Amino acid sequence: QVHLVESGGGLKQPGGSLRLSCTASGTVFSIRDMAWFRQAPGEERELVAGISSGGTATYADSAMGRFTISTDNAKNTTYLEIRNLRLEDTAVYLCYAGIRDHASRFRYYWGKGTLVTVSS
């Protein structure tokens with residue numbers, strides 16, 4: 001089985017920064033791409049940023065400038081750095097990854113998410 005586990009969320013103050021991590025584990029053979037989504041209370045899930053195994057990153061318009069996605073292929077981990085936190089960044093941040101397992105089956109997986117709360 002393949003598992004995605006996010007970490008790094010918590011209560012943060014406006015103007016601060018944080019780095020979220022998402023690690024794939026289990027029967028992971030290779031990862032094609034990884035992405036971060038977020039879902040604020042009462043809102044739909046939205047794409048924040050994505051990155052290929054080759055390091056090509058894409059961002060939602062709303063994430064340009066304050067968000068940076070990166071990946072450590074050796075650790076099967078992707079990171080999302082958020083700077084100058086705003087109240088509206090409060091959301092559950094979820095990891096999404098395209099993974100091929102040891103049986104050569106490819107599919108996309110979701111993590112369970114990590115909650116980021118921005119409040120003074």
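Which strand does Arg38 lie in? Arg38 lies in strand β4. The views below start with the whole chain and return to this residue; the model is predicted.

**View 1. The protein chain is built from strands, with zero helices and 11 strands.**
Read along the sequence, the pattern is β-β-β-β-β-β-β-β-β-β-β. The radius of gyration is 14 Å, close to the 14 Å that the globule rule gives for 120 residues, so the chain is as compact as a globular protein of that length. The C-alpha trace spans about 50 × 25 × 25 Å along its principal axes. Of the 120 residues, 38% are buried. Among contacts with a separation of 6 or more, 55% join residues 24 or more positions apart. The accessible surface comes to about 6600 Å². Carbon and sulfur atoms account for 48% of that surface.

**View 2. Strands β1, β3, β8 and β7 form an open sheet in that order.**
The pairing in this sheet is antiparallel. Strands β1 (2-7) and β7 (67-72) stand at the edges. Each has a single partner strand, so one side of each is left without a neighbour in the sheet. On average, neighbouring strands of this sheet are turned by 15 degrees against each other, direction ignored.

**View 3. Six bridges join β7 to strand β8.**
Strand β8 covers residues 77-82. The two strands pair in the antiparallel sense. One of the residue pairs is Asp72 with Thr77, its bridge partner in β8.

**View 4. Strand β4 pairs with both β9 and β5.**
Strand β4 takes in residues 28-39, and β9 takes in residues 91-101. Between these two there are 10 bridges, and the strands run antiparallel. Asp33 stands opposite Gly98 in β9. Strand β5 (residues 46-52) also runs antiparallel to β4, joined to it by six bridges. Here Ala35 has Gly50 as its bridge partner in β5.

**View 5. Six residues lie between the strands in the hairpin of β4 and β5.**
Within this hairpin, Gly42 takes a positive phi near 75 degrees.

**View 6. Arg38 of strand β4 makes polar contacts with Glu46 and Asp89.**
Is Arg38 buried or exposed? Arg38 is buried, because its relative accessible area of 9% falls under the 20% cut-off. The side chains of Arg38 and Glu46 make a polar contact at 2.7 Å. The side chains of Arg38 and Asp89 make another at 3.0 Å. Neighbours within four places in sequence set aside, Arg38 is in contact with residues including Glu44, Arg45, Val48, Ser62 and Phe67. Glu88, Ala91, Val92 and Tyr93 are also among its contacts.

**View 7. Asp101 has its place in strand β9.**
Asp101 is buried too, with a relative accessible area of 5%. Which backbone nitrogen does the side chain of Asp101 reach? The side chain of Asp101 reaches that of Ala103, at 2.9 Å. Residues up to four places away in sequence are not counted in the next list. On that basis, Asp101 touches Val2, Thr27 and Phe29.

Key: Residues numbered from 1 in each chain as written. Predicted model: local features only at pLDDT ≥ 70, side-chain atom pairs only at ≥ 80, totals over all residues. Heavy atoms only, no water. Pairing = 2+ DSSP bridges. Helix = DSSP H or I, 4+ residues; strand = E, 2+ residues; numbered from the N terminus. Axes fitted to C-alpha atoms, helices over the stretch in contact; angles between N-to-C directions. Buried < 20%, exposed > 50% of the residue type's maximum accessible area, 1.4 Å probe, protein only. Polar contact = N/O pair within 3.5 Å; in protein donor to acceptor, adjacent residues only side chain to side chain. Contact = heavy atoms within 4.5 Å. Rg over C-alpha atoms; globule rule 2.2 N^0.38 Å. Areas by Shrake-Rupley, 256 points an atom, 1.4 Å probe, with all protein chains shown as cover.
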